[in-house]
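Biologist: Could you take me through this model step by step, so that I can follow how each answer is reached?

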Amino acid sequence: MTSEPAVQASGLVKRYKSKTALDGVDLEVPRGTVHGLLGPNGAGKTTAVRILSTLTGADGGSARVAGFDVARQPREVRRRIGLTGQQTAVDDLMTARQNLVMFGRLFRLDKGAARRRADELLEIFGLAEAAGRAPKKFSGGMRRRLDLAASMILSPEVLFLDEPTTGLDPAGRREVWEAVRSMAASGTTVLLTTHYLDEADKLCDRISVIDQGRNYIEDTPAGMKRRIGDERLEIVAADPAELSALTDLVRRALSVEPSAEEAGASVSVPVADGVSALTAVAVEIRAAGIDVADIGLRRPTLDEAFLHLTAAAAKTPEETV
Ligand code: ATP
């Protein structure tokens with residue numbers, strides 16, 4: 001039982017009149033992990049979360065969450081999950097603490113237990129000092145953290161977060177990431193939808209890319225980046241006139257054909273062992289007395305990986321999966 005994944009969906013189909021929102025989506029999220037559901041607008045992310053959190057039924061396929069079937073045992077599922085959407089659920093007129101106590105009471109905790117849980121959550125989410133203030137005066141990040149705290153009242157086994165940082169500034173996003181990490185560290189399985197690749201990169205153990213209601217790619221963030229190629233060594237000449245000498249030097253040092261880019265006065269080359277290539281080239285550069293403005297290893301960003309993979313998948317989905 002304990003080894004059963006926290007979320008397991010197979011062949012989920014959802015149709016809205018003529019629109020097929022999900023066309024056979026599979027998903028498996030091991031317990032205690034953070035899983036990202038990534039995809040463009042209309043890909044079907046929210047629909048998948050709505051089915052998994054029992055808010056709507058599927059037209060095909062099946063899913064189990066926290067060990068229970070979402071269609072046949074929705075109450076068991078609901079008891080074990082938390083859900084945070086894009087709309088905030090907190091009341092602006094009450095203080096942060098009163099809000100959490102109210103949620104605790106709604107979930108049938110007695111007064112004492114609701115207060116204790118509220119204080120614990122305020123502490124965990126870094127809101128203890130703001131406990132007596134109304135969320136109306138909170139920053140976006142603080143509000144979202146209060147929302148997350150509210151969805152954690154009953155310590156859910158699985159937490160669904162639909163675009164948890166949309167609309168937040170960079171500081172607010174970092175605060176929410178921290179909160180998600182601490183929830184994951186406490187053992188909660190998190191399934192989040194996001195448009196932001198850096199968010200998926202920073203938070204998720206694995207990412208499922210879906211598009212047009214179908215699975216395209218599933219991998220770790222690092223694996224996604226590896227799929228589009230190796231690390232590259234990039235060197236920028238301080239003096240563009242030395243670009244050609246620099247290119248020759250790199251070719252000789254690594255026995256690989258580098259590509260030179262005149263506009264940026266830079267040379268780049270794919271490398272299997274980045275650190276030793278960097279060291280070898282740096283030694284040669286010093287010996288040759290060439291001035292460089294920059295030298296470094298560069299990995300593809302997740303953005304590049306995503307664009308590359310979804311473009312490839314749009315042509316040949318079966319081969320890319
Ligand atoms: P976004 O990132 O924009 O939130 P999404 O990946 O969450 O997109 P969904 O909201 O799941 O995508 O929508 C998938 C498709 O199903 C879209 O084409 C959407 O227009 C359609 N859809 C979703 N809900 C409904 C509904 N209640 N009635 C009709 N069509 C719907």
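This is a predicted model: local features need pLDDT of at least 70, side-chain atom pairs count only at pLDDT 80 or more; totals for chains, interfaces and linings use all residues.

Biologist: Which classes of residue make up the contact of α9 with α10?

Modeller: On the side of α9 the contact is made by Leu246, Leu249, Val250, Ala253 and Leu254, and on the side of α10 by Ala277, Val281, Glu284, Ile285 and Ala288. Glu counts as charged, whereas Ala, Val, Leu and Ile count as nonpolar. Sorted in this way, the contact of α9 with α10 has no polar residues, one charged and nine nonpolar.

Biologist: How are α3 and α5 oriented to each other?

Modeller: Helix α3 covers residues 96–106 and helix α5 covers residues 140–151, and their axes come within 9 Å and cross at roughly 25 degrees. Since angles under 35 degrees count as roughly parallel, α3 and α5 are therefore roughly parallel.

Biologist: What classes of residue are found where α3 meets α5?

Modeller: From α3, the residues Ala96, Leu100 and Phe103 meet Leu146, Ala149 and Ala150 of α5. In the contact of α3 with α5 there are no polar and no charged residues, and the nonpolar residues number six.

Biologist: What is the orientation of α5 and α6 to each other, and what is the handedness of their crossing?

Modeller: The axes of α5 and of helix α6, residues 170–185, come within 8 Å and cross at roughly 20 degrees. The helices α5 and α6 are therefore roughly parallel to each other. Where α5 passes α6, the crossing is right-handed.

Biologist: How many charged residues are in the contact of α5 with α6?

Modeller: Helix α5 brings Gly141, Met142, Arg144, Arg145 and Leu148, which meet Gly172, Glu175, Val176, Ala179, Val180 and Met183 in α6. Glu and Arg count as charged, while Gly is among the polar residues. By class, the contact of α5 with α6 has six nonpolar and two polar residues, and the charged residues number three.

Biologist: Turning to the ligand, which residue has a polar side-chain atom 2.5 Å from an oxygen atom of the ligand?

Modeller: There are 13 residues around the ligand, and Gly42, Gly44, Lys45, Thr46 and Thr47 come nearest. A polar backbone atom of Ala43 is 3.0 Å from an oxygen atom of the ligand, and a polar side-chain atom of Lys45 lies 2.8 Å from an oxygen atom of the ligand. The residue with a polar side-chain atom 2.5 Å from a ligand oxygen atom is Thr47.

Conventions:
Residues are numbered from 1 along each chain as its sequence is written. Side-chain values use heavy atoms; hydrogens and water are left out. Axes are lines fitted to C-alpha atoms, for helices over the stretch in contact, and angles run from 0 to 180 degrees between N-to-C directions. Helices (H or I, at least four residues) and strands (E, at least two) are DSSP runs, numbered from the N terminus. Angles under 35 degrees count as roughly parallel, over 145 as roughly antiparallel, 65 to 115 as roughly perpendicular and the rest as oblique. Contact means heavy atoms within 4.5 Å. A residue is near a molecule or strand if one of its heavy atoms lies within 4 Å of it. A polar contact is a pair of N or O atoms within 3.5 Å; within protein, one must be able to donate a hydrogen and the other to accept it, and residues adjacent in sequence count only if both atoms are side-chain atoms. A crossing is left-handed if the near helix is turned anticlockwise from the far one by less than a right angle, and right-handed if clockwise.
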